[in-house]
Amino acid sequence: MLKKWVITEFIVLAASILSIAQQSLSDQDLQNLRQGFDTEDANNIAIMNALTANGVKKLAVNRKKAGKIDHHFKYKVEVSGITSQEKSGRCWMFTSLNSLRPKLIQDKNLSEFEFSTNYLYFYDMLEKSNLFLENCIATADQPMEARKVEWLFKNPIGDGGVWNSFANLVDKYGLVPQKAMPETYHSNNTSWLRRILNRKLREHALSLREMSTTGSDEVSIREQKIEMMHDVYRILALSLGVPPQEFEYRFVDKDNKIGETKQYTPLGFYQEHFPEYDPDNYVMLMNDPTRDYYKLYEIEYDRNVMEGQNWQYINLPNKELKKIAVASIKDKDAMYVSCDVGKQLSKDDGSLLVDNYDFASLYGMPFGMDKAQRIETRESGSSHAMLLMAVDVDDNEKPTKWQFENSWGADYGHDGYLTFSDEWFDEYLFRIVPHKKYIDDDILKILDEEPVMLPPWDPMFMQDM
């Protein structure tokens with residue numbers, strides 16, 4: 001009886017919501033709006049004159065905060081110099097590789113070293129293309145307007161990814177030095193390459209859907225898909241070069257001592273120089289206040305390799321993330337993190353403070369959404385990955401500020417680094433990927449639970465660019 005009453009109440013509520021008439025702006029409404037803005041008010045005139053001739057951020061700079069942050073830290077991981085992803089969305093690759101780079105530099109006594117991001121990018125695009133076509137085959141029985149099909153065709157492949165994307169790639173393809181496959185114009189400027197690939201992939205996906213719905217057998221469909229992948233490989237090879245299957249390399253240390261020349265495969269290079277590195281030892285942790293904490297979640301379709309792992313994470317309060325992050329940094333272990341970097345970012349001094357910009361005073365109105373509301377309305381979400389490598393604390397060892405190693409070149413921010421307040425961490429940092437040894441056992445046990453499956457179009461799950 002109670003269940004029937006609840007259903008009835010829901011129907012009545014839904015009907016009442018739908019019965020609210022949509023309203024256009026009447027002449028009287030427009031008149032009231034015009035009168036509500038006083039064009040004779042000196043303050044309104046001054047702000048209007050300023051805003052119509054200048055950028056919003058320039059005028060909203062909070063001078064009370066200018067120069068108030070320093071870039072000194074009690075606990076700091078030594079990293080290996082700033083890299084640049086140029087005009088691409090490969091921050092997650094650069095960040096993941098930059099977490100490995102210091103170990104190789106230290107082990108080989110090098111002055112510098114950089115991995116080939118172009119090499120991984122080639123296979124990321126290749127694998128994402130295959131995954132897209134496979135997903136289009138799997139959903140061929142659904143109409144084009146179905147939510148899942150619409151999502152697939154909206155953006156077949158992109159530069160973005162998260163940490164599990166890197167783990168999927170290195171397990172299958174290994175790593176190579178940058179000299180083995182240098183950057184090209186299109187690895188540094190990826191927009192047109194993505195456009196061309198997506199155009200061809202959409203065309204091929206339509207053909208595969210037609211084959212699937214007109215009686216073609218599975219063998220024929222798979223054969224046709226592989227033929228289509230030849231087009232993908234050709235586009236990538238012409239734009240990025242051909243990835244090496246074998247290469248010769250020798251290290252030259254900071255004292256100019258030349259090592260022996262060795263023949264490597266990409267997997268052999270990875271396994272020889274990082275024998276103790278195991279992606280399974282790392283866990284993605286997130287702070288998403290729109291969902292229950294201390295639970296395991298998984299994002300459907302959110303991977304780059306067909307047989308790879310989906311994006312899976314434990315949702316935790318910020319206090320847990322900070323405790324783990326501090327422990328990792330104190331142990332000289334920098335970690336992959338991602339955030340909404342565009343919020344309150346001051347490029348000039350490389351700071352991220354919650355009140356770097358005072359939009360409320362400029363426009364004369366409050367902007368009051370909290371973190372959960374910003375996520376739900378798509379006002380905020382994780383958009384960029386960086387390496388978390390420093391924390392400063394007060395006399396009670398409570399964090400006061402943190403620092404990122406960024407991948408936008410040494411000219412951006414504070415010599416390529418970004419410093420952010422602990423308050424900014426609470427509002428705009430979303431995920432960290434620490435080693436399991438820094439995580440309490442009761443949290444690790446959550447990994448044994450059946451994950452809650454979430455759709456790929458959820459507002460929280462933008463990929464890092």
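Glu-397 is partly exposed, with a relative accessible area of 30%; buried means under 20% relative accessible area, exposed over 50%, and partly exposed in between (1.4 Å probe, protein chains only). The model is predicted, so local features need pLDDT of at least 70, side-chain atom pairs count only at pLDDT 80 or more, and totals for chains, interfaces and linings use all residues. Residues are numbered from 1 along each chain as its sequence is written, and side-chain values use heavy atoms, with hydrogens and water left out.

Glu-397 forms a salt bridge with Lys-330, the closest N and O atoms being 3.1 Å apart. A salt bridge is a side-chain nitrogen of Lys or Arg within 4 Å of a carboxyl oxygen of Asp or Glu. This pair links distant parts of the chain, 67 residues apart: Lys-330 is in helix α13 (residues 318-330), and Glu-397 is in the loop between β10 (384-393) and β11 (399-405). Helices (H or I, at least four residues) and strands (E, at least two) are DSSP runs, numbered from the N terminus. Lys-330 is also partly exposed, with a relative accessible area of 39%.

By this rule, the count of salt bridges comes to 28. In one of them, Glu-300 pairs with Lys-148, with 3.0 Å between the closest N and O atoms. Glu-300 lies in the loop between β5 (295-299) and β6 (311-315) and Lys-148 in helix α7 (residues 147-154), so the pair ties together parts that are 152 residues apart in sequence. The relative accessible area is 23% for Glu-300 and 21% for Lys-148.

Asp-458 forms a salt bridge with Arg-291, the closest N and O atoms being 2.4 Å apart. Here the linked parts are 167 residues apart, with Asp-458 in the segment after β14 (452-454) and Arg-291 in the loop between β4 (285-286) and β5. Asp-458 is buried, at 13% relative accessible area, and Arg-291 is buried, at 18%. Salt bridges also link Glu-134, Glu-218, Arg-222 and Lys-225 in a network.

Glu-260 is found in the loop between β2 (247-249) and β3 (262-264). Glu-260 is exposed, with a relative accessible area of 62%. Not counting residues up to four places away in sequence, Glu-260 touches Tyr-249 and Arg-250, where contact means heavy atoms within 4.5 Å.

For the protein chain as a whole, there are 17 helices and 14 strands. Of its 465 residues, 48% are buried.
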